[in-house]
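Please look over the structure below with its charged side chains in mind.

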Amino acid sequence: MEITEAAEAPLAVTLVVGSNRHGRFGPVVADWLLDRMRDRDDLAVEVVDVADAHLPTTLAPTPEATTALSAVTPKLAAADAFVVLTPEYNHSYPAGLKNLIDWHYTEWRAKPVALVSYGGVSGGLRAVEHLRHVFAELHAVSLRDTVSFHNAGSSFDGGRLKDPTAADAAAKVMLDQLVWWGRGLREAREKRPYGR
């Protein structure tokens, strides 16, 4: 079976940094993750940071919302796949992340979503489980394997992961799965546009 050049083209992946809280730890984890993603020839990475997306919570199409969306929506629409980085706040994901997700619909459809989390003892895994339900409703495919950082603040020193062995291995598995799903769903969307 012949593999087409388009099927092997790098996967357009948008990393969504999901925290906008003052003093957030997310950029530390995002930098670690971006290093792994950018080391791969099969990924072309864009970043959407919730902290930079000043979307109102009313979901009203105001001029301010239109301006904010113009910086975010094209990066989501062009993506073949997503990696969503979330902290865990009060046993779930942040309101800013949910707001960004809710402003979009078709951008998520028939695309894979990898989930990376950080937090205290749970490592953000409760936030991940909540996000799976949200993305299922949006017709996205969440990957089984995740990367999570338990007690994230003490796992990093000066922005570097103290012991990257397990996290690097988990990231490789997750990103390999993302490429497989991303290429398969990209090809499927090209042959048969996803409808509902």
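A residue is called buried when its relative accessible area is under 20%, exposed when over 50%, and partly exposed in between (1.4 Å probe, protein chains only). This is a predicted model, in which local features need pLDDT of at least 70 and side-chain atom pairs count only at pLDDT 80 or more, while totals for chains, interfaces and linings use all residues. Residues are numbered from 1 along each chain as its sequence is written, and side-chain values use heavy atoms, with hydrogens and water left out.

**Arg40 and Asp42**
- Both Asp42 and Arg40 are buried.
- These two residues form a salt bridge (a side-chain nitrogen of Lys or Arg within 4 Å of a carboxyl oxygen of Asp or Glu), with their closest N and O atoms 2.9 Å apart.
- Through salt bridges that share partners, Arg40, Asp42, Lys172 and Asp176 are joined into one network.

**Arg36 and Asp168**
- Arg36 and Asp168 are linked by a salt bridge whose closest N and O atoms are 2.7 Å apart.
- Because Arg36 lies in helix α2 and Asp168 in helix α7 (residues 165-191), this pair ties together parts that are 132 residues apart in sequence; helices here are DSSP runs (H or I, at least four residues), as strands are (E, at least two), numbered from the N terminus.
- Arg36 is partly exposed at 23% relative accessible area, and Asp168 is partly exposed at 29%.

**Arg24 and Asp49**
- A salt bridge of 2.8 Å, N to O, joins the side chains of Arg24 and Asp49.
- Since Asp49 belongs to strand β2 (residues 43-49) and Arg24 to the loop between β1 (11-17) and α2 (26-38), the pair ties together parts that are 25 residues apart in sequence.
- Asp49 counts as buried at 15% relative accessibility, whereas Arg24, at 23%, counts as partly exposed.

**Total**
- The structure holds 14 salt bridges.
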